[in-house]
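Subject: Structure handover

Hello,

Here is the structure for you to look at. Please open it first, then read my notes below.

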Amino acid sequence: MAAVFLSEWQAWRQQLQLNGERRLLVLAGSQTWAMAQARQLGNDSHARQLWLGQADAAGQSGLPINKFQTALGQEYDSLVFNAHSGLHPDALGAAAGTLIAGGIMLLLCPPLADWPDYPDPDLVRYVAQPEQAKGLASPFLRRFVRLLHQDDSVLIWQQGSPFPALPTLSPLPWQQERDRQGCLNIQQRNALAHMLRCARARIPLVLTADRGRGKSSLLGLAAHRLIQYGLRVLLTAPNQNAPAQAMRHCASPLHFVAPDALLAEQPAADILLIDEAAAIPVPMLLALAKRYCCIFASTEHGYEGTGLGFQLKFQPRLACLSPGWRKLHLNTPARWSPADPLEPLVFRLLALNASPPAPALSPSANPIPTQVERLDYRWVSREALLADDALLQQLFGLLTLAHYQTRPSDLRQLLDAPDLQLAVTFQADIPVAVALLIKEGPMSAELSQGIWRGQRRPRGHLLPQSLAFHGGITDACQFTYHRVMRIVVHPHAQQLGIGSRLLRWLQLHLCEQSGGDFIGTSFGASPQLVAFWQSNGFQAVRLGQSRDGVSGLHAMMMLWPCSVAAKQVLPLWQGQFSANLQAYRKGVWPDELTPVYQTLKLEPPALTEQQDNRIARDFAFYHRDLCSDQPALSRFVATQVPLRPLSAHQQQLLKALLTPGVMPAQIASLHGLSGHKAVIAQARQLLQHFFVVPSES
């Protein structure tokens, strides 16, 4: 690369820094060529550079794409994103937010015309088996490339072509000077004042913003002032690297304590500052809020996968815990100019601002029956979404409303996952409700046995795998399922029965057209949701033993039978589920599940000795799950005589191990075992006393 050009490039970068803007430069070609150009363009020993993905052989260290979370909370002058290692949408969105004013994102990718057909390593995350990704084209990348071409701020350098002309930049400088409080703008100044008032009055406060607004810096500034007031202040975050900006902006010593250590040790503090709060599980956040007066700072776009969980699950429960809590939101960028073109580009690429239009429906509308009857139901294909980006944004916005763990990768899944289906309810041309489904099962006999025994765990196929391994249903993997991953009705059209109408349309069309066995669902169990699914004919077949880290709810699985075979086996599965649930209620039963249990409509308990025997044998000699199998194992031991006698101590230990609901950690503590693995090994060894050791593995 000519020295004259590099000099021009550096001068342009300096002007970009004065403007406070950032740019995307696409290096499209072979990986070797793109790496070489990136190395020269970013050759500045004083610059802070983040390289994501495979790096070149010249000593450049690259951070693996899937480790992008470790860069959150940092600031960089340049970012190299090697998409030859896979275009991970979450990593792209998060990394872009770490670039400061004047920053350049270098996107290394295959030739743009070929990129959608490139064997992208990230595609394996959207298929059940890695081999399914071979030869799979990417509609997501097709849209991505189209949007790159449409944006005038993007510099595209294709291998074999000259470097693109550097655009003329505005001569107006971006002034960024901190005031006496350390704030960069009026919004920050007002937010700092609110934070200090709430902290002194012991009122919890939630501070939200997109990346680059300075919320972490404000935590540090507030910490310094509060420490000066004589208050004891602690700082926590998902990891020790996340609050780097907060620590940097606090002129006083600020003590960091990890969230789990806070709950275990409960050190004294007047105020607890929590950075990147959305990346901490909701139950843990609530426990901290009960123990301390907290200031929570976080994004809500969910690059960590839990941003909406923080908004939809945590904040309403914080309001119950502390009715006087306050919330602030920062809009004005602090890390770059408001005229920066990179952020709106990333938002378009990843549909981060996707929002559904409000339909002309509401519970107070008149006449409701006529409006609802005129709704239109139809499947929407990937081709339709690619051809109509406005529709894509509307539908993705609706899906985002439905789930607390939405992230940018969900957009790629929507466009690239081969087994997804999208059913939409329209009022005229406005989407009112949407259901996202994925096809799961059946599986080969060999794979089914491996899953049942805990030896195999392929990606995807949630319902058949979980029902077989955790639910103890032998033939679960032999059936086909259409799992409703998400179903949502626009808030302006809820309470009109539209969700139930969409489900009835699915029940009719899926059974007639696809020939599948079941329509199924898995969701965080609350009495309201259980009642909704039951009212639409779905029947419970599994209830998870542990609570979800974000929602705090136990997973519930329910099925609706399509085929004759499904209608025959579902009562048997339900009977087995009822028997196991009955055993758990006699064992260790979580109080929070009682309202859910009271809502359930259950078949009478139905058992077969043969089924319990098979579960016990394959637990003893393979890798089945103790907590899931406790009811069956307890019934087995109560009716069978061991082939090799058990001592009194062994009998006592076995009884404790097989008490439904008892966790291995409790057994380890009570019986002097070293930990979880030792407990499981002991349980398998004791169950082997009831069987002849098999000759084959």
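A residue counts as buried under 20% relative accessible area, as exposed over 50%, and as partly exposed in between, with a 1.4 Å probe and protein chains only. This is a predicted model, where local features need pLDDT of at least 70, side-chain atom pairs count only at pLDDT 80 or more, and totals for chains, interfaces and linings use all residues. Residues are numbered from 1 along each chain as its sequence is written, and side-chain values use heavy atoms, with hydrogens and water left out.

Helices (H or I, at least four residues) and strands (E, at least two) are DSSP runs, numbered from the N terminus. Start with helix 11, residues 342-350. Of its 9 residues, 7 are buried, so the helix is mostly covered. Those buried residues are Leu 342, Glu 343, Leu 345, Val 346, Phe 347, Leu 349 and Leu 350.

Is Ala 351 buried or exposed? Its relative accessibility is 4%, so it counts as buried. Its phi is near 55°, a positive value in a residue other than glycine.

Look for it in the loop between helix 8 (259-265) and strand 9 (271-274). Its relative accessible area is 44%, so Gln 266 is partly exposed.

Pro 442 lies in the loop between strand 14 (430-440) and helix 16 (445-452). A cis peptide bond joins Gly 441 to Pro 442, with omega at about -10°.

Thr 70 is in the loop between strand 2 (49-52) and strand 3 (76-82). It has a relative accessible area of 39%, so it is partly exposed. Contact here means heavy atoms within 4.5 Å. Leaving out residues up to four places away in sequence, Thr 70 touches Leu 63 and Asn 241. Thr 70 and Ala 242 are 172 residues apart along the chain, yet their C-alpha atoms are separated by 7.3 Å.

Arg 542 is in strand 17 (residues 539-547). At 12% relative accessibility, this arginine counts as buried. Which residues does Arg 542 touch, not counting residues up to four places away in sequence? They are Ser 466, Leu 467, His 470, Gly 471, Ala 555, Met 556, Met 557 and Phe 577. Arg 542 and Phe 426 are 116 residues apart along the chain, and their C-alpha atoms are separated by 33 Å.

**The cores**

A nonpolar core is a set of buried Ala, Val, Leu, Ile, Met, Phe, Trp, Tyr and Cys residues joined through side-chain atoms within 4.5 Å. The largest one has 63 residues. Trp 115 and Leu 422 touch the most other members. A second, separate core has 38 residues, including Leu 503, Ile 519, Phe 523 and Leu 543.

Go back to Leu 422. Not counting residues up to four places away in sequence, its contacts include Arg 378, Trp 379, Val 380, Leu 385 and Leu 395. Also among them are Leu 399, Leu 414, Val 434, Ala 435 and Leu 436.

**Helix 22 and its partners**

Axes are lines fitted to C-alpha atoms, for helices over the stretch in contact, and angles run from 0 to 180 degrees between N-to-C directions. Helix 22 (residues 609-621) packs against helix 26 (residues 676-687) at about 125°, with the axes 8 Å apart. Helix 22 and helix 26 are therefore oblique to each other. Angles under 35 degrees count as roughly parallel, over 145 as roughly antiparallel, 65 to 115 as roughly perpendicular and the rest as oblique. In this contact, Ala 616, Phe 619 and Ala 620 of helix 22 meet Ala 683, Arg 684 and Leu 687 of helix 26.

Helix 22 also packs with helix 23 (residues 626-639), at an angle of about 125° and with axes 9 Å apart. That makes helix 22 oblique to helix 23. On the helix 22 side, the contact is made by Asp 612, Asn 613, Ile 615, Ala 616 and Phe 619. On the helix 23 side are Leu 626, Asp 629, Ala 632, Leu 633, Arg 635 and Phe 636.

Best wishes
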